[in-house]
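Colleague: I would like to learn how to read helix packing and RNA contacts in a model. Could you take me through an example?

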Amino acid sequence: MADPSHLLAERVRAGLGAAFGAELADADPAIRPSQFADYQVNAALALAKRLGRPPREVAAALLAQLQLDDVCASVEVSGPGFLNLTLRDEWLGGQVEGLLADDRLGVAREERQVIPIDYSAPNVAKEMHVGHLRTTVVGDALARTLEHLGHDVIRQNHIGDWGTPFGMLIEHLLEVGEGSKEAGLLRSDPNAFYQAARAKFDGSADFATRSRARVVALQAGDPDTRRLWRELIALSTAYFNSIYEQLDVTLTDDDLAGESTYNDELAGICDDLERRGIAVVDEGALCVFLEGYTGREGKPVPLIIRKSDGGYGYGTTDLATIRHRVRELHADRILYVIGAPQHLHLQMVYATARKAGWLPDTVEPVHVQIGNVLGSDGKILKTRSGAPIRLRALLDEAVERATAVVDQARSDLDGDTRAQIAHQVGIGAVKYADLSVAHDSEYVFDFDRMLALQGNTGPYLQYAAARVRSIFRKAGAEPASATGPVVIRHEAEHTLALRLLGFGRVVAQVGDALEPHRLCTYLFELAQSFMAFYEHCPVLGAEDPVVRASRLALSAATLRVLVQGLDLLGVQAPDQM
RNA sequence: GCCCUCGUAGCUCAGGGGAUAGAGCAACCGCCUCCUAAGCGGUAGGUCGCAGGUUCGAAUCCUGCCGGGGGCACCA
């Protein structure tokens, strides 16, 4: 375990026991990062009252019993009763050497859980928008991170591939002809296809009638209709995949688990719930009423599982989905990386599934709420209102802007190399922008800020990694060959080393709290620490070969943590920038 | 009306019981004969929405209020 706070906590507990008796040995040592030292121990303040002694006296008594000489260069009582700990440079150096010898860089393997993750979930024949971008990017980062922690992640792309709009879409596809240029829009500009179908539906009573009939045929399993439906899906998934590829997202066709997957189970679910009295017919619809869910005027809010026209909504498919994930996939945790507005609905689905016995207490469903993306007016950014932003256009523009910068900054490189870098930087910038803010907070969408290439951004982290690589390129050495020994003499080295040791803890936190932005914050601070080190501590120019070897090792460790961390986020690190 | 969520520097956001509340952007001042200046160092900028409460200690926990956003029966 590379993270120093584990060891410090152990030592402080032992000290507490020695100073105040065994019954306090299990007290919270309250080790925290400190702005006045490497760490601070806050235990004395919390224990002062319990012991009936002044906090500073408690701190002094604890200090007298602490055995930290091998780890800390100084331990002192400070302020009202804090203990400030500063780690020994030699100890830190040894820990970094340990990190370099560890191919997991201090990330512990956790007890294996099966974790289906529901994310991305775009709709067939529709453009992916900024909302999809966020669930896709956040979900993918969680999938990568949990996998790295040793879990069995099952990606579930719950695409919208069923429902009444398909009558209209199929009729439109039939009219424009399969293989036509119009049909090809499904791959490149799905909204154009959808809107054309919609326009016909709204403008022609005859078309609308045929569309409705087509829905019936689709549900009845009419072979021709089914074939056309599959064609729609094939074209749409080609579009999704092209976006995923551009975004460097790990989703593939193997992860498709669309709504239609559960069609055959829906009637059975309804019958079962109705027979057991969990669902009742109300105003013609089959509903589940749950205690504690009331809406307007105190009226109970139902989870509708069968509409009054006999059709099924997403409540029913969501129940089928959760049952499948428990029964067939043997899930331990189920992640729903879905928009925050759906929180109530999901709570009701979970509660219904629990009531039906499909979701045992041992299985934890978690809604990873994705905050709405707002326009500059502070209102929700919808594709309908205002100028819709096509995801494809957004990604292309990100790469274009990066291209302009790379072309200008690195005219020495050939065109292909520059294009490759621009792609990694542009896409990385967009993904990092989505990942670096808390997933449940709403944020104001701003092209310029998202695509900015300075500050707390993906490109800043990529640049830090590129600078390390540049050092090794210049040295003609491989990072893997830089193994130390690590001797720390400069403050910037000390700070960098300390930072490096925190990686495993942060990754574990991300897996636990499901908050990738914590990893972003960590990596940004690591990159900042490296930048300061880079400015103040010449690596190749170091005269003392021992110092040079040590700094190379610190650089190598930084590179590995940065690249690994960025990889967990789904962001690539270019070789040079 | 009920429920969820947010309110922290001019802007975008971290921080979710501990010291003088942080970062980026924007502003201002410095730094390329030296491993990539997409960088580094510094200055300035905040009654943490308001009011109570709990606590030795509250931006953080509790209650109320104000303000923004969202949700609340057949679109998913």
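Predicted model: local features only at pLDDT ≥ 70, side-chain atom pairs only at ≥ 80, totals over all residues.

Colleague: At what angle do the axes of H4 and H21 cross?

Modeller: Helices (H or I, at least four residues) and strands (E, at least two) are DSSP runs numbered from the N terminus. Axes are lines fitted to C-alpha atoms, for helices over the stretch in contact, and angles run from 0 to 180 degrees between N-to-C directions. Here the axes of H4 (residues 89-100) and H21 (residues 545-569) cross at roughly 50° and come within 10 Å. H4 is therefore oblique to H21 (under 35 degrees is roughly parallel, over 145 roughly antiparallel, 65 to 115 roughly perpendicular, and the rest oblique).

Colleague: Which residues of H4 and H21 make the contact?

Modeller: Contact means heavy atoms within 4.5 Å. Val96, Leu99 and Leu100 of H4 take part, together with residues of H21 including Ala553, Leu554 and Arg560. Ala, Val, Leu, Ile, Met, Phe, Trp, Tyr, Cys and Pro count as nonpolar, Asp, Glu, Lys and Arg as charged, and the others, Gly among them, as polar. On that scheme, the contact of H4 with H21 has 8 nonpolar, no polar and 1 charged residues.

Colleague: How far apart are the axes of H17 and H21?

Modeller: The axes of H17 and H21 are 9 Å apart, at an angle of about 140°, and so H17 and H21 are oblique to each other. Among the residues that meet are Leu461 and Phe472 in H17 and Leu552 and Leu566 in H21. The contact of H17 with H21 divides into 13 nonpolar, 1 polar and 2 charged residues. H18 also packs on H21, at about 35° with axes 10 Å apart.

Colleague: How many residues surround RNA strand B?

Modeller: A residue is near a strand if one of its heavy atoms lies within 4 Å of it. By that rule 64 residues surround RNA strand B, and the closest are Lys49, Glu259, Lys307, Arg467 and Tyr534. By class, this surface has 33 nonpolar, 19 polar and 12 charged residues. Of the RNA atoms within 4 Å of the protein, 55% belong to sugar or phosphate and the rest to bases.

Colleague: Which part of RNA strand B does the side chain of Gln40 approach?

Modeller: A polar contact is a pair of N or O atoms within 3.5 Å; within protein, one must be able to donate a hydrogen and the other to accept it, and residues adjacent in sequence count only if both atoms are side-chain atoms. An N or O atom in the side chain of Gln40 is 3.0 Å from a base nitrogen of RNA strand B.

Note on methods
Residues numbered from 1 in each chain as written. Chains lettered and ligands numbered in written order. Heavy atoms only, no water.
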